[in-house]
Amino acid sequence: MTETSEAIQIETRVFFDKYFYKFESIAGRNHEELFPENIDNYVLTGSDDYPAKIVEADKVVYSVGKAISECEDAKHKPYRTILVKCYLKQMMNREIADDLKYSSTRYSELKANALMEFTDRFNCW
């Protein structure tokens, strides 16, 4: 966003379901670049070389990667793992729950917590 544009607030699930992949496409990025093990190698698009729309999309995509990589990933709080598998590897929720050996109810709770932590961290970037 430019300095003169108004900030908008959207639900994190809506952001991932409707907008994230569009930002990623505009920025010319791919999921692999956002994995926690790769995010430190991410080089932001230079503002002198590209249109503002691409530069802004790249900043959003980078912020997503940084926020995911900073989320907790402990045994009982596998937030980073859930976010990576769901939004970067695009695995199905049932498949993720099975991989993590959680019931669908417990997985849904953990995913909601992961999204809350992501949102807090994303808003810092």
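**A tour of the salt bridges**

Nine salt bridges turn up in a search of the whole structure; a salt bridge is a side-chain nitrogen of Lys or Arg within 4 Å of a carboxyl oxygen of Asp or Glu. This is a predicted model, in which local features need pLDDT of at least 70 and side-chain atom pairs count only at pLDDT 80 or more, while totals for chains, interfaces and linings use all residues. Residues are numbered from 1 along each chain as its sequence is written, and side-chain values use heavy atoms, with hydrogens and water left out.

Select Lys 66 and Asp 40. Their salt bridge has its closest N and O atoms 3.5 Å apart. Lys 66 is in helix 2 and Asp 40 in the loop between helix 1 and helix 2, 26 residues apart. Helices here are DSSP runs (H or I, at least four residues), numbered from the N terminus.

Next, select Asp 99 and Lys 85, whose side chains form a salt bridge of 3.3 Å, N to O. Asp 99 lies in helix 4 (residues 93-100) and Lys 85 in helix 3 (residues 79-88), so the pair ties together parts 14 residues apart in sequence. Asp 99 is partly exposed at 40%; Lys 85 is buried at 17%.

Stay in helix 4 and select Asp 98 and Arg 94. The closest N and O atoms of this salt bridge are 2.7 Å apart. The two residues are about one helical turn apart, because four residues separate them in helix 4.

Last, select Arg 29, Glu 33 and Asp 58: salt bridges that share partners join these residues into one network.

Key
Buried means under 20% relative accessible area, exposed over 50%, partly exposed in between (1.4 Å probe, protein chains only).
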